[in-house]
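I opened this entry to note what I looked up, item by item. The sequence and structure come next, and my notes follow.

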2 protein chains.
Amino acid sequence: MSIKGNAVIGQSGGPTAVINQSLVGCVEGLLGKGFDQKILGAHHAVRGIINEDFIELQDIPQDRLNHIADTPSAALGSSRDKPDDAYCEKIFHTFEKHNVRYFFYAGGNDSSDTCRIVNEKAKEAGYELHAFHIPKTIDNDLVCNDHTPGYGSAAKFVACAFMGDNLDNRALPGIKINVVMGRHAGFLTAAAVLGRHGENEGPHLVYVPEANFDSVKFCEDVERIYSKLGRCLIAVSEGIHDADGTPMAAKLAIQQGHHVERDAHGNVQLSGSGALGDFLSQEIKNYMGKKTRVRADTFGYLQRCFVGCVSKTDQVEARAAGRTAAELAMSGDIDGSIAIQRTSDEPYTVEYNRIELGDVAAKTRHLPEDWIVDGNNISEKFVQYATPIVGPLPPVEFLRKH
Amino acid sequence: MSIKGNAVIGQSGGPTAVINQSLVGCVEGLLGKGFDQKILGAHHAVRGIINEDFIELQDIPQDRLNHIADTPSAALGSSRDKPDDAYCEKIFHTFEKHNVRYFFYAGGNDSSDTCRIVNEKAKEAGYELHAFHIPKTIDNDLVCNDHTPGYGSAAKFVACAFMGDNLDNRALPGIKINVVMGRHAGFLTAAAVLGRHGENEGPHLVYVPEANFDSVKFCEDVERIYSKLGRCLIAVSEGIHDADGTPMAAKLAIQQGHHVERDAHGNVQLSGSGALGDFLSQEIKNYMGKKTRVRADTFGYLQRCFVGCVSKTDQVEARAAGRTAAELAMSGDIDGSIAIQRTSDEPYTVEYNRIELGDVAAKTRHLPEDWIVDGNNISEKFVQYATPIVGPLPPVEFLRKH
């Protein structure tokens with residue numbers, strides 16, 4: 001063990017169904033290695049750190065820890081703040097003041113960047129700090145990782161929703177659009193195909209941000225499927241954009257004269273509105289005729305924290321990622337990010353490896369090009385990749401005419 | 001047993017997570033009583049009957065029946081047709097042609113009315129027909145029933161979604177609106193409160209169609225909660241309407257110059273659009289300031305057929321309702337509708353009683369007035385009523401500052 005001091009754990013960005021597994025894994029990892037100082041949970045992430053607003057975690061009984069781990073969303077609270085250099089300076093000062101020597105931050109690529117900057121500040125000041133980033137994002141878009149904690153459970157939600165909606169759409173045929181989260185990466189939208197059984201089952205079309213979106217091509221695709229099957233189920237990522245890179249969601253907001261809302265990262269609001277789905281419905285009606293039955297659902301925030309729809313693999317891996325970060329931090333004067341890396345497909349096995357903070361920070365991974373078919377569907381390669389991460393889906397049985 | 005002849009089973013209206021339980025229960029009930037003629041599943045409900053489009057069900061092995069029962073949505077397919085007198089005449093002619101003597105129709109109050117009319121046509125013609133309506137609706141709005149098959153599972157989905165979204169909203173505070181299905185009855189929207197733990201947990205406000213909706217009052221309510229808690233989670237039924245009875249969804253569609261889509265029953269389109277949620281978001285922003293963070297999700301069709309979120313009680317009762325209909329039909333020259341009636345709260349027990357088709361046809365049950373609090377919340381009486389129907393919800397654990 002290195003220098004004596006307290007630990008801070010924070011949970012950042014959009015919550016997931018398993019981010020509390022990582023929190024608890026981290027606490028368990030510290031305690032398991034004999035850590036005997038304070039474990040401070042930062043209340044609402046970086047904001048809690050600069051406000052010195054902490055929840056002590058070192059004395060929580062194991063059964064309560066287990067219940068917290070199984071609860072979706074960030075138990076410590078999260079924050080939308082994107083710390084700049086001055087903000088990171090404040091974080092570092094809190095650490096000095098509270099003799100914090102271990103810093104664990106669960107989040108996406110922005111969070112790993114925060115970790116990196118705070119870590120550099122400590123180094124510059126000659127202050128021993130063990131900073132670890134714990135991966136988390138339902139978007140599954142962290143580089144160096146085979147996949148990220150949070151993705152498997154959100155993907156399971158999307159897969160189960162599409163299985164149900166395909167059955168619904170078979171019973172009452174029509175055109176149905178479902179908008180799925182994912183600003184830059186299509187992994188979550190691709191999960192729509194995981195429960196697809198048979199070639200005429202939905203989703204029949206899948207649009208991800210990795211392929212440029214063309215409204216006319218979209219309408220042609222839908223009409224082709226609809227005239228063949230009498231129905232069409234469509235998965236659309238909220239992040240679809242046209243050939244010049246403008247998100248459709250931003251485009252239509254401007255068209256409709258709406259104020260375009262942006263977050264601290266400069267991102268246009270995509271989630272929490274049905275506008276994109278409704279716009280695409282209207283496009284199809286304009287193309288195919290007003291009387292065409294078109295419906296759109298936007299899955300929205302349900303995808304990330306629905307209670308009772310979780311991937312066991314995701315739970316286990318999120319816990320292990322947190323635990324590994326703690327154990328590595330306790331093993332010497334090192335820092336880094338934990339990356340989940342697949343070592344075998346059959347049987348499915350992964351390793352939790354340390355990578356440099358700079359390797360993962362502020363970069364985005366995308367769906368491989370050859371997993372996208374004709375710009376409007378997802379290949380079997382994705383299914384092979386995602387199935388062990390998502391785990392078994394509930395079985396369904398069809399009644400077909402002989 | 002009465003006269004020899006074939007049986008027809010149909011599944012009507014919006015699918016549910018357990019309508020296939022009723023289908024299978026009905027098949028099991030017939031076979032269990034020694035029925036040895038054809039059991040014809042009507043492909044897409046009444047439309048399948050008039051088109052003589054049937055799927056034979058009498059020889060399906062039990063394990064396949066079990067898998068079908070566990071699969072959400074209507075395995076036979078459903079239909080949006082609302083049969084008028086001439087349509088029912090055609091149904092009756094198909095029955096004569098195929099020597100159909102047993103007719104089972106699972107659906108809501110419109111479906112029971114179809115059953116009633118066809119039954120009367122048979123009586124007028126002196127044709128022995130045993131027509132039974134099997135209750136089904138996620139809206140839970142059939143009279144004479146304590147509750148209806150399909151409701152428990154949809155209510156569980158809504159409860160789990162709100163539990164997760166409350167955790168999400170705690171982690172990243174803001175104003176969040178969730179629009180829930182339910183045109184005339186607020187039972188499904190009320191289910192939002194079933195997983196509510198503690199007085200400051202969401203949903204903080206619940207709006208059902210049984211109380212008139214006033215936009216100004218709504219904004220005042222939201223601002224009051226938001227200034228107290230720094231967040232506000234809101235459940236809104238898609239069927240909310242103003243004091244003169246105009247649905248908000250229809251009102252805003254007209255405001256926006258959209259074509260107002262109506263179904264065969266004359267109902268305005270409510271589901272399959274995010275417009276109502278987006279409109280309410282805008283109302284709050286107009287009232288509280290443009291920079292207020294407001295998000296809206298519309299749960300949409302996910303509520304009725306999501307794979308993997310089902311109430312065990314709902315499954316068991318839907319199966320029993322189908323079985324009881326079959327057994328009663330085989331017991332003599334009778335017809336009717338099956339009503340689920342509660343006989344005890346503690347322990348929870350129900351009976352499946354025969355009622356007259358005319359008793360349930362084309363009537364709507366509403367949330368009792370004293371289950372609605374101040375026009376913007378739901379009382380503990382509802383929780384006591386709904387808990388055994390929905391069954392246990394996944395546990396969640398909070399981390400609170402001491």
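**The sheet in chain B**

I began with one bridge: B:Ile175 has B:Val294 in S9(B) as its bridge partner. The model is predicted, so I kept its limits in mind: local features need pLDDT of at least 70, side-chain atom pairs count only at pLDDT 80 or more, and totals for chains, interfaces and linings use all residues; side-chain values use heavy atoms, with hydrogens and water left out. Residues are numbered from 1 along each chain as its sequence is written, while chains are lettered from A and ligands numbered from 1 in the order in which they are written.

I then looked up the two strands around that bridge. Strand S6 (residues 175–180) of chain B and S9(B) run parallel and are joined by five bridges. Two strands pair if DSSP finds at least two bridges between them. Helices (H or I, at least four residues) and strands (E, at least two) are DSSP runs, numbered from the N terminus.

The open sheet has four strands, ordered S7-S8-S6-S9 (chain B), with parallel pairing. Strand S7 (205–207) and strand S9 (294–298) of chain B are the edges, each with a single partner strand, so one side of each has no neighbour in the sheet. Neighbouring strands are turned by 15° against each other on average, direction ignored.

Next I checked what lies on this sheet. Helix H10 (residues 275–288) of chain B packs on it, touching S6, strand S8 (232–237) and S9 of chain B. Touching here is contact, meaning heavy atoms within 4.5 Å. The direction of H10 makes about 150° with that of S6(B). Axes are lines fitted to C-alpha atoms, for helices over the stretch in contact, and angles run from 0 to 180 degrees between N-to-C directions.

**The sheet in chain A**

I moved to chain A.

Strand S2 (residues 39–42) of chain A and S3(A) run antiparallel, joined by three bridges. In S3(A), A:Ile55 is the bridge partner of A:Gly41.

**Where the chains meet**

A:Arg80, A:Glu397 and A:Leu399 supply 13% of the area that chain A buries against chain B, more than any other three residues.

**Salt bridges**

I searched with this rule: a side-chain nitrogen of Lys or Arg within 4 Å of a carboxyl oxygen of Asp or Glu. It finds four salt bridges across the interface of chain A and chain B. B:Arg64 and A:Glu397 meet in a salt bridge, N to O at 2.7 Å.

Methods:
Buried area = accessible area lost by both parts, 1.4 Å probe.
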